[in-house]
Amino acid sequence: MKKMIFILRNYGMFIGFGLIFLIFSLSSEYFLDVYNLMNILVQSSLIAIIAVGQTFVILTGGIDLSVGSIVALTSVGSGLMLVSGVPIPVAILLGILIGVGAGVVNGITIAYGKVPAFIVTLGMMSIARGGALALNNGKPVSGLPFEFETIASAELFGVPIFVIYMLIIFAIGFFILYKTRLGRHIFAIGGNREATKLSGINVPFNEMMAYAISGLLAGLGGVLLTARLNYATPLSGNAYELDTIAAVVIGGTSLAGGEGGLVGTLIGALLLGTLRNGLTLLNVVSYYQQIIIGAVIILAVFYDRMKTKKG
Amino acid sequence: MKKVLLTVLLVALIGAVVFAKTTIGFIPMTLSNEYFITMVNAAQQEADKLGVELIVQAGQRHGSAEEQMQIMENMITRRVDAICIVPSSSQGLIPVLRKAEKAGIPVINLDTKFDAEAIKAAGLKPIPFIGTDNYYGAQIAGWFALSLLGAEGEVAILTGVAGQQNAADRRNGFYDIVSEYDGIKVVAEQTANWEVEQGYNVTQNILQANPGLDLIFASNDNMGLGARKAVEEAKKDITVIGYDAVPAALDAVKMGTFAGTIAQFPAEMGIKGVQAALDIKAGKEVPTNIQTASKLIYMANVDWFIDYLSDFE
């Protein structure tokens, strides 16, 4: 019995995910199909990649509301470069740099300017969205070179390339978070900012880095989304900030910072993707999908709270 | 944990359906707009009549090509027999159209047309289209505006989401008619992204800048209803013409606060979409362009139209 409680406490997220998976497998004959499982992974991958950056930020006790708008900005930015003949690798790199730039501005204002993260990234959310609209007068960009689409449509040993990207980003994120000083400092800042400062760690710099990483991954997300659609629109990335925050908190990372990690975020993103996919296969009307997804987010965090209270 | 379990069970219950018949995937642009609900209901009636199953899925966000792409991918995995779609962008779904073609699942394009050039450039087979000619419908609105104004006055145009073909067609159709007359000045042209609230805000600004405005052409009724509210609050006498003939706009026409609205027949599109899907499945040839009607609805014929619509509620 004690063992059972221990398992529930520590692996509840996995059990919840497993249950959802099981129920969809039993109720839809189309769910447990290799192509469909690949679909889920591909459809979850963008949110998962951007949620890695969001995890870094939330671990410091902050929040990044601007990621969705940064996706749109880099999407339109890289799209315009591509149609005007900039070589594909250069356009990809510059697109990602736009994201890094926005992230660094966020980070400096928050860490050195002492403006609350909620306010700064809310402002950046508006600035980047406006920028995305202004870049091409509100119009989407189409007619991107066909070769660009291959960075999204390619496969490696039968595995869609987006899944590979996701795994690579998680591997790098894992390394940074658990094997480097930056990662340890990010945990420390969220855990106890004052103590971290007193122990001689450069708090503002490490905090800024978290936002820069978040901006970088949002930029990468924007470029990848553009390739997936082979089309760039200033309306893209809408509500990504909410999806990534949801993935992070479902994964058990505390909004207060200092606690959590990337395994949870990956499960959180996959859980959201699985829910959307399964509910669509079961033909649940989108209104109810929204209700169910909202309820799952709240339940997951509620469960997490109960766990920490008892433990 | 128990609660998680309960929720999940609930999910399964809501959705548990047995699939066996011919299935047609149906993807409207959204499900938060009466226009598409009418289309879906008519398609559903037709599907019931013909004994086929209709799977209806829409994105949660208006104009999200990405969401529609995911829905389409999921439908391809489900191996539906055909997909009817109102694309949220005219060019942004090419990669998934390619997937459908590869999987041998025919796609039928309703209401908002895919960019034929982009389809051709991507090397895809032509996709049958069922819908109205928005350019022609907007021309009707233009002629109506001319007759109301006596070919003289200041006009504002509220446009839809930039980059959508029907947004461009509606703006151009109206503009090309009214701009031929020297007495008519198009003093403002702003997007309100098809939304009521944005129509309201944008119109407030337009009224502020153009005190002598006589007429507003809203490229859809939602924006027109927002505009109507702004006009009423400003206590101005400005004519509003809408597009789409949604129920709220029909009420406005009845009350005289809307001069008129252009009706398309979304129910026809839904019905013909289902029929075309079955025809293609049966190996029959389907024309690449099926036009449905556009009609001006104004004081004189609004009751007839409301009666016609009640069949698809």
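I began with chain B, which has 12 helices and 12 strands; helices (H or I, at least four residues) and strands (E, at least two) are DSSP runs, numbered from the N terminus. I noted a radius of gyration of 21 Å for chain B, close to the 20 Å of the globule rule for 313 residues, so chain B is as compact as a globular protein of that length. The radius is taken over C-alpha atoms, and the rule is 2.2 Å times the number of residues to the power 0.38.

I recorded that this is a predicted model, in which local features need pLDDT of at least 70, side-chain atom pairs count only at pLDDT 80 or more, and totals for chains, interfaces and linings use all residues. Residues are numbered from 1 along each chain as its sequence is written, and chains are lettered from A and ligands numbered from 1 in the order in which they are written.

I then looked up confidence. The mean pLDDT (the predictor's confidence in each residue, from 0 to 100) of chain B is 89, and 93% of its residues reach 70 or more. The model scores ipTM 0.72 and pTM 0.79.

Finally I turned to the interface. I found 46 residues of chain A in contact (C-beta atoms, placed from the backbone, within 7 Å) with 38 residues of chain B. On the chain A side, α13(A) gives the most, with nine residues.

Note on methods: Contact = placed C-beta atoms within 7 Å.
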